[in-house]
Amino acid sequence: MEQGRCDNTTRSFNGFNRITSPSSTSSSQRHRQQHTTTSGPPLPACASPSAHVNRMFSFTFFYPFLALIQSFLVLQESPRRHVIAPCGTSQNVPRIVETEATTAEPSAAVQGATAPLVQALKSTAAHEVSCFHFPGHNRGNAAPSSLSKLIGMGAFTHDLPELPELDDRFYPKGVILDAQNRAAQLFGSSKTWFLVNGSTCGIQAAVMATCSPDDYLVIPRNCHISVISAMVLSGAVPKYIVPEYNSGWDIAGGVTLSQVDEALKELQKDGKKIGAVLVTSPTYHGICSNVRGIVDACHPLHIPVIVDEAHGAHFRFHDSFPSTAIEQGADLAVQSTHKVLSSLTQSSMLHMAGNLVDADKVNQCLQLLQSSSPSYLLLSSLDAARAQLSENLKSFDEPVAMAFETREQLRLIPGISVLDLSSFVSDFPAIDPLRITVSATDLHLSGYEADDILAEEHQIVSELVGTKAVTFAVNLGTRQQDVEKLVQSAKHVSEKHSSAKESRFRKCRSPLDKFSVKLTPREAFFTNKKRVCIEDSLGEICGELICPYPPGIPVLIPGEVVTQDSLSYLINVRDQGMAISGAADAKLNSIMLPSLAHFRIVCSI
């Protein structure tokens with residue numbers, strides 16, 4: 001079994017000796033410190049008020065009143081401190097600015113805690129107070145009984161807003177900063193942001209922070225839909241790389257260094273400005289790209305590398321895993337901590353390293369994209385997941401052993417195939433050992449048919465199903481009886497369907513092989529649209545993002561020409577009952593097209 005590494009990095013898990021502490025003062029902190037201590041031209045915007053001050057002096061009509069009593073006002077608050085400082089504007093309105101600290105300042109209640117944000121949430125919820133703040137269930141006093149009976153009162157008791165003792169997510173200096181610093185140290189980054197809008201907002205922020213309108217973004221064509229939405233938001237122009245495609249599995253792999261190098265040279269030859277290169281590594285099926293080689297090609301050109309590492313948050317925590325994107329020199333890496341690790345669904349992390357990307361700009365983008373009312377249940381779950389790994393550096397020993405054994409046992413079952421690196425021609429450096437993808441096409445079963453049998457007859461619930469394969473994710477919570485049941489169920493499928501007739505699923509060519517781009521995603525998204533029957537859309541320009549989900553890889557992207565291959569593929573998966581996201585018509589009987597008289601060609605492949 002291939003256990004290749006993306007580079008020759010070695011790691012020690014007896015203390016994580018490769019991890020260096022993040023800088024005690026971020027660039028964003030230094031930036032804000034300057035504005036509170038130096039004079040200069042008026043600032044166009046003031047630092048965000050804290051949650052506590054917001055509750056006391058909400059909205060701008062209170063500011064003249066604040067100006068009158070400024071010299072008499074003293075805010076007595078602990079552990080967070082705030083000051084009223086002149087904003088320097090012509091209106092002479094006071095500016096509410098948080099005093100800065102170079103390191104986190106947790107309260108006495110959380111000092112020394114292994115999960116400071118979890119401890120702060122617990123301590124705050126335990127206070128006997130009269131609540132006149134949101135949310136409306138008032139720490140569970142008005143919790144809907146149907147939900148409280150399902151999940152318990154604890155979730156409501158700890159569902160708190162941005163109270164002063166819980167820190168400010170956009171300008172953290174207390175327990176959130178402490179928790180993020182600990183995460184950065186564990187995951188090997190110089191700076192880490194906690195995300196409550198999933199990895200999607202991390203991808204969007206990374207692209208917006210590196211690409212201005214009309215900058216080119218080099219991306220694999222099998223990127224996640226969040227990358228497409230990021231281009232709609234940023235105005236970036238895609239330069240697609242077509243990944244290697246295995247038709248026998250209907251699975252696309254990663255991208256190669258030579259493909260990235262060729263794309264960069266083509267753009268440079270045409271005089272195009274390159275904002276960033278984005279790589280998906282690992283893919284949903286666990287295929288890793290040579291991030292180190294891609295970084296070495298991009299950094300001399302001062303091009304940042306973004307890695308969608310949503311499926312690789314666990315890579316740092318076992319020697320059998322591939323190297324992480326940050327270890328290989330990536331500038332930004334987005335990880336779904338909730339996937340293989342143990343945080344709550346929708347919680348993720350964005351890691352940064354190096355100095356090619358402006359941390360302040362990333363922070364600004366995250367403020368635009370994330371909710372202003374973050375869930376502290378999600379935030380604290382990230383802190384808890386990090387603490388869980390810190391306390392047990394051998395957490396993945398058992399899952400890795402189970403995954404290797406399961407993979408080998410599945411290989412021995414007649415009619416069952418297991419995806420590995422030999423399934424691809426390209427020299428991909430590694431595959432995630434915890435991602436097990438199997439095919440029963442030799443038994444004349446499509447992926448959908450095999451998945452239905454496993455679910456309905458054996459109560460086996462997979463992570464991902466495709467036209468020809470089913471993917472199972474082994475994680476920290478996987479039990480020995482689960483993998484044993486999977487193997488036994490696969491044996492039963494093999495025995496029962498060894499003489500099965502041809503699958504009902506029609507064979508289709510890859511929808512990613514050939515495509516033409518006539519508009520940027522942003523142009524196509526904001527044009528007026530018309531609806532036509534999907535059968536009449538051949539040769540037209542698609543006006544919406546159409547994507548079987550999961551895995552979340554678009555078959556058609558706004559601005560692309562509808563081809564026979566993409567149309568046949570979509571109709572095929574639709575008829576098999578697969579969920580289609582992005583389309584205005586969920587049943588995919590019709591499709592939205594831009595109602596324009598002419599188009600400018602952006603690029604074509």
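Helices (H or I, at least four residues) and strands (E, at least two) are DSSP runs, numbered from the N terminus. This is a predicted model, in which local features need pLDDT of at least 70, side-chain atom pairs count only at pLDDT 80 or more, and totals for chains, interfaces and linings use all residues. Residues are numbered from 1 along each chain as its sequence is written, and side-chain values use heavy atoms, with hydrogens and water left out.

Helix 5 covers residues 145–151 and contains L150. L150 is exposed because its relative accessible area is 68%; here exposed means over 50%, buried means under 20%, and partly exposed lies in between (1.4 Å probe, protein chains only). Together with L147 and I151, L150 makes a nonpolar surface patch of about 300 Å². Patches are made of residues with over 30% relative accessible area and no salt bridge, where like charges are joined within 9 Å and nonpolar side chains (Val, Leu, Ile, Met, Phe, Trp, Tyr) within 5 Å. The accessible areas come from the Shrake-Rupley method with a 1.4 Å probe, and for residues only the protein chains shown count as cover.

The loop between helix 4 (116–125) and helix 5 holds P135. The peptide bond joining F134 and P135 is cis, with omega about 0°. R139 is placed in the loop between helix 4 and helix 5, and has a positive phi, near 55°, in a residue other than glycine. R139 is buried, as its relative accessible area is 15%. D167 is likewise not a glycine and has a positive phi of about 75°. D167 is found in the loop between helix 6 (154–157) and helix 7, and is buried at a relative accessible area of 1%.

Helix 7 (residues 175–187) carries both R182 and D178, four residues apart, about one turn of the helix. Their side chains meet in a salt bridge (3.0 Å, N to O), a term that requires a side-chain nitrogen of Lys or Arg within 4 Å of a carboxyl oxygen of Asp or Glu. D178 is buried, with a relative accessible area of 12%, whereas R182 counts as partly exposed at 25%. Helix 11 (residues 291–298) has D296 and R292, again four residues apart, about one turn of the helix. The salt bridge between the side chains of D296 and R292 is 4.0 Å, N to O. D296 is partly exposed at 46%, and R292 is partly exposed at 28%. A search of the whole structure finds 13 salt bridges. Among them, D575 pairs with R574, the closest N and O atoms being 3.2 Å apart, and E408, R411 and D420 are linked in a network.

The loop between strand 8 (274–280) and strand 9 (287–288) is the place of G286. P282 is also found in the loop between strand 8 and strand 9, and the peptide bond from S281 to P282 is cis, with omega near 5°. G286 is buried, with a relative accessible area of 1%.

Next come the aromatic rings. Rings of Phe, Tyr and Trp (its six-membered ring) pair if their centres lie within 6.5 Å; planes under 30 degrees apart count as stacked, over 60 as edge-to-face and the rest as tilted. The count by this rule is five aromatic pairs. In one of these, the ring centres of F321 and F396 are 5.4 Å apart and the planes are at 80°, so the pair is edge-to-face. This pair links distant parts of the chain, 75 residues apart: F321 is in the loop between strand 10 (305–308) and strand 11 (332–335), and F396 is in the loop between helix 13 (376–391) and helix 14 (397–411). Both F321 and F396 are buried. F424 and F428 form another edge-to-face pair, 5.7 Å centre to centre with 80° between the planes. F424 is buried at 6% relative accessible area, and F428 is buried at 5%. F315, F321 and F396 form one aromatic cluster.
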